[in-house]
Amino acid sequence: MSLLLAAGAAHAAPPAMQSASKLTFGDAQTLFVADWKGARIFALALPAPVRPAGKPFNLMDVQAPIAKALRVAPGALRFEDMAVQPGGEVAYVALTVRGVKGQAKPAIVSIDATGQVRRLDLARVSSSAAITDAPTADVAFWRDLPAQTLTVTDMRYYQNRLYVAGLSNRSFASTLRVYDYPFSGKASATTVEMYHPVHNQIETRAPIRSMTVMTIGGEPTLVAAYTCTPLVTIPLKDLKDGAHIAARTVGELGWGSAPNGLVSFSTGGQDYALLVNSSRSADLLSAVDLAAAAAAPGLDAPIEWPGKPYLGVKATMAPMSAVMRLDNLNPQLLLALRRSEAGGEMQLVSIPKGGYLRLSDFVNEYDFPDYRYPDGDTFRDFHKYARTIEGYPELAR
């Protein structure tokens with residue numbers, strides 16, 4: 001039975017959705033949507049997923065077909081978030097549709113691997129829960145960015161609870177809210193501080209920007225990243241209403257970048273977290289290394305810039321740039337919402353776990369028509385696989 005069937009009968013009709021900024025799935029038929037304008041979390045009912053086609057995504061321009069489906073100009077779209085329906089291999093994309101005189105409306109669309117776009121009826125709300133401690137309307141960043149837009153910065157669902165990171169109206173603003181689901185009332189709220197090695201200070205205001213739930217040292221744990229880019233661990237058992245906690249800083253991954261998405265998965269018999277960033281390559285982190293770092297006291301000293309800009313847990317560079325959002329498509333593939341570097345088109349493309357790149361993003365020695373792989377070449381099988389899933393089976397040799 002879906003989570004929504006259990007939730008729907010117990011609640012009156014919620015107010016209309018005013019914005020759609022963050023998405024995450026509970027189960028395959030339950031999509032959670034964060035509405036910063038209305039200070040509310042919505043649960044939307046979705047049809048059961050059909051059997052996934054098992055096809056990779058190679059959609060090189062989703063902005064135009066989405067705009068066509070919504071009957072607006074492509075330039076009216078602001079992309080907010082993306083999440084993949086579990087078991088369905090269908091992407092759900094949250095958007096802001098900008099109108100005249102600053103007016104804006106929310107929209108959510110689904111897109112499958114063939115590029116078919118369907119608009120989601122936002123009235124499919126089953127239940128909702130209020131955010132009672134959202135920032136006030138009189139606070140803004142950089143003159144025009146309302147603090148309220150950061151009321152929810154990421155969400156994750158784990159074992160009948162929805163974990164919501166963001167800003168609150170407290171002076172100690174960085175907050176983790178936890179909702180029981182089906183929604184049963186007000187969220188519990190924990191305020192979170194952490195040591196930021198780049199800034200060399202304890203920080204209590206800037207919120208978590210991306211997070212995932214992993215088992216670290218045998219404990220269900222939030223692995224979370226902040227802007228500029230400290231990485232912390234927080235055991236879920238530490239999140240209690242009214243508590244103030246210090247997250248353990250386990251890594252400093254580099255300055256001047258914002259997390260755009262953090263996912264966890266298993267591949268090759270090991271568990272990993274993968275963080276994509278706004279201004280540089282992605283960071284691949286093993287659960288083994290995260291557990292070792294979480295068992296240590298935590299970072300408490302600044303970086304040595306520019307000679308030693310990184311600290312703590314080992315992160316392996318993964319060549320994934322310009323990725324705006326990331327999710328697990330299936331056990332073999334990731335799905336990335338990203339911008340074309342040349343033309344600026346918004347793309348939805350698959351990226352293989354274990355490879356963390358798309359061969360067709362560039363031309364190198366292997367791509368010349370007269371290139372011949374030497375016997376025993378260790379990249380040949382991967383190249384054949386990658387060329388096939390990227391839509392170039394004739395080049396798989």
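A word before you click on. This is a predicted model, where local features need pLDDT of at least 70 and side-chain atom pairs count only at pLDDT 80 or more, while totals for chains, interfaces and linings use all residues. Residues are numbered from 1 along each chain as its sequence is written, and side-chain values use heavy atoms, leaving out hydrogens and water.

**Stop 1: the whole chain**

Switch to cartoon view and look for four helices and 29 strands. These are DSSP runs (helices are H or I with at least four residues, strands are E with at least two), numbered from the N terminus. The radius of gyration is 21 Å, close to the 21 Å that the globule rule gives for 397 residues, so the chain is as compact as a globular protein of that length. That radius is taken over C-alpha atoms, and the rule is 2.2 Å times the number of residues to the power 0.38. Along the principal axes, the C-alpha atoms fill a box of roughly 65 × 50 × 45 Å.

Now colour by burial: 52% of the 397 residues count as buried. Buried means under 20% relative accessible area, exposed means over 50%, and partly exposed is in between (1.4 Å probe, protein chains only).

**Stop 2: aromatic rings**

Show the side chains of Phe, Tyr and Trp. The structure holds 14 aromatic pairs. Rings pair if their centres lie within 6.5 Å, using the six-membered ring of Trp; planes under 30 degrees apart count as stacked, over 60 as edge-to-face and the rest as tilted.

Select phenylalanine 25 and tyrosine 92, an edge-to-face pair with 5.6 Å centre to centre and 75 degrees between the planes. Phenylalanine 25 lies in strand E1 (residues 22–25) and tyrosine 92 in strand E6 (residues 91–98), so the pair ties together parts 67 residues apart in sequence. Phenylalanine 25 is buried at 9% relative accessibility, and tyrosine 92 is buried at 6%.

Next, pick tyrosine 366 and phenylalanine 379: their ring centres are 6.2 Å apart and their planes at 70 degrees, so this pair is edge-to-face. Phenylalanine 379 is partly exposed, with a relative accessible area of 43%.

For a cluster, select Phe32, Tyr157, Tyr179, Tyr181 and Phe183, which are linked by ring pairs.

**Stop 3**

Most residues other than glycine have a negative phi, and most peptide bonds are trans. Here are some exceptions to click on.

- Tyrosine 181 and proline 182 are joined by a cis peptide bond, with omega about 5 degrees. Proline 182 sits in the loop between strand E14 (174–180) and strand E15 (188–196).
- Look for proline 306 in the loop between helix H3 (287–295) and strand E25 (311–312).
- Lysine 101, not a glycine, has a positive phi of about 55 degrees. Lysine 101 is exposed, at 84% relative accessibility.
- Tyrosine 356 has a positive phi near 60 degrees. Is tyrosine 356 buried or exposed? Tyrosine 356 is buried, with a relative accessible area of 6%.
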